[in-house]
Amino acid sequence: MENRTLGQGLVVSEQGLGCMGMSEFYGVSDDAESTHTIHRALDLGVTMLDTADMYGPFTNEALVGRAIADRREAVVLATKFGNERLADGTRVGINGRPEYVRAACDASLLRLGVDHIDLYYQHRIDRTVPLAETWGAMSELVDAGKVRHLGISEASAESIRTAHAVHPITAVQTEWSLWTRDVETNGVLATVRELGIGFVAYSPLGRGFLTGTYAESAWLEPGDFRRMNPRMQGDNLAANLELVERVRVVAESKAATPAQLALAWVLAQGPDVVPIPGTRRLHYLEQNIAACEIVLTDNDLAALDAAAPVGATAGDRYPDMSHIDV
């Protein structure tokens, strides 16, 4: 596993591990299996673990904290605030008020069992609070030593510039894959690179769809949030299955799985890009990490551009896109 450097000199493994699905959204959880997966990831050279207070809610941070308790120094720990939820799962809304920023950070530190967070993201932007106020509070967390680096998730190019002017951004985390290529045309990627910010790509496997495993939403476990995804419904699903089949054909030519090829494509987008595929199973973790060994030629990249061009995926990314800053 090689390293890559995000903005502000934060060195991380070239592939991170998304921990969200270990606690919620993707069906039944198994903390023991998830803990084994985290430990195996660290053994294989993964250093960046990604969680958030709203995953569970709250239980994912506690899980990650327990898993890294005896190996904290080997981990670049990333978590997020902003999607406010109650312990029973009730969604309160997006919260960027300065007092909430401070309280959320303290609560995350307690659940994680650490004295600092390496990378603290604003998970979603609160349009009722000036962004500069939220980022002023986040900057204070850095000054207090509670946080080392700051990031922002699902932010527009304009919001990235606004936040970066208050405190330098280390990483922008946004969905990017052969399934979702919006950042290439909406100014986000260009802005990140102009400002010297790293890019952390979440859902680099298109919520698992690019693995070729799911042919219909009914195959997903009860409680799996993908059942409601517009891209998994009706005509959209049929069109998107054709896209996955085209990717599979290219993958076969590289003796790789579709998932590995999809990850290799994200890795090939530049040394400032770090994908964070999520899994709770050892088998898939090891498959994902093996993608780091795949070298894509110019011809391979051209074939994937043809198989999954910008805008080719049918349907919105979420049932409700109002929380996405554009």
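How many of the six residues of strand E8 (residues 117–122) are buried? That was what I wanted to know when I opened this predicted model, and here are my notes.

**Entry 1: strand E8.** I looked up the burial of E8 and found that six of its six residues are buried. I take buried as under 20% relative accessible area, so I wrote down that strand E8 is largely enclosed by the rest of the structure.

**Entry 2: the neighbours of E8.** Next I asked which strands E8 pairs with. One is strand E5 (residues 76–81), which pairs with E8 in the parallel sense over four bridges. For a pair to find on screen, I picked Lys80, whose bridge partner in E8 is Tyr121. Another is strand E9 (residues 147–153), which runs parallel to E8 and is joined to it by five bridges. Here I noted that Gln122 has Ile152 in E9 as its bridge partner, and that Tyr120 stands opposite Leu150 in E9.

**Entry 3: the whole protein.** Stepping back, I counted up the secondary structure and got 10 helices and 12 strands. The radius of gyration is 19 Å, close to the 20 Å that the globule rule gives for 326 residues, so I can call the protein as compact as a globular protein of that length. The C-alpha atoms fill a box of roughly 50 × 40 × 35 Å along the principal axes.

**Entry 4: inside and contacts.** I checked burial again, this time over the whole protein: 57% of the 326 residues count as buried. Among contacts with a separation of 6 or more, I found that 75% come from residues 24 or more positions apart.

How values were computed. Residues are numbered from 1 along each chain as its sequence is written. This is a predicted model: local features need pLDDT of at least 70, side-chain atom pairs count only at pLDDT 80 or more; totals for chains, interfaces and linings use all residues. Side-chain values use heavy atoms; hydrogens and water are left out. Helices (H or I, at least four residues) and strands (E, at least two) are DSSP runs, numbered from the N terminus. The radius of gyration is taken over C-alpha atoms; the globule rule is 2.2 Å times the number of residues to the power 0.38. Buried means under 20% relative accessible area, exposed over 50%, partly exposed in between (1.4 Å probe, protein chains only). Contact means heavy atoms within 4.5 Å. Two strands pair if DSSP finds at least two bridges between them.
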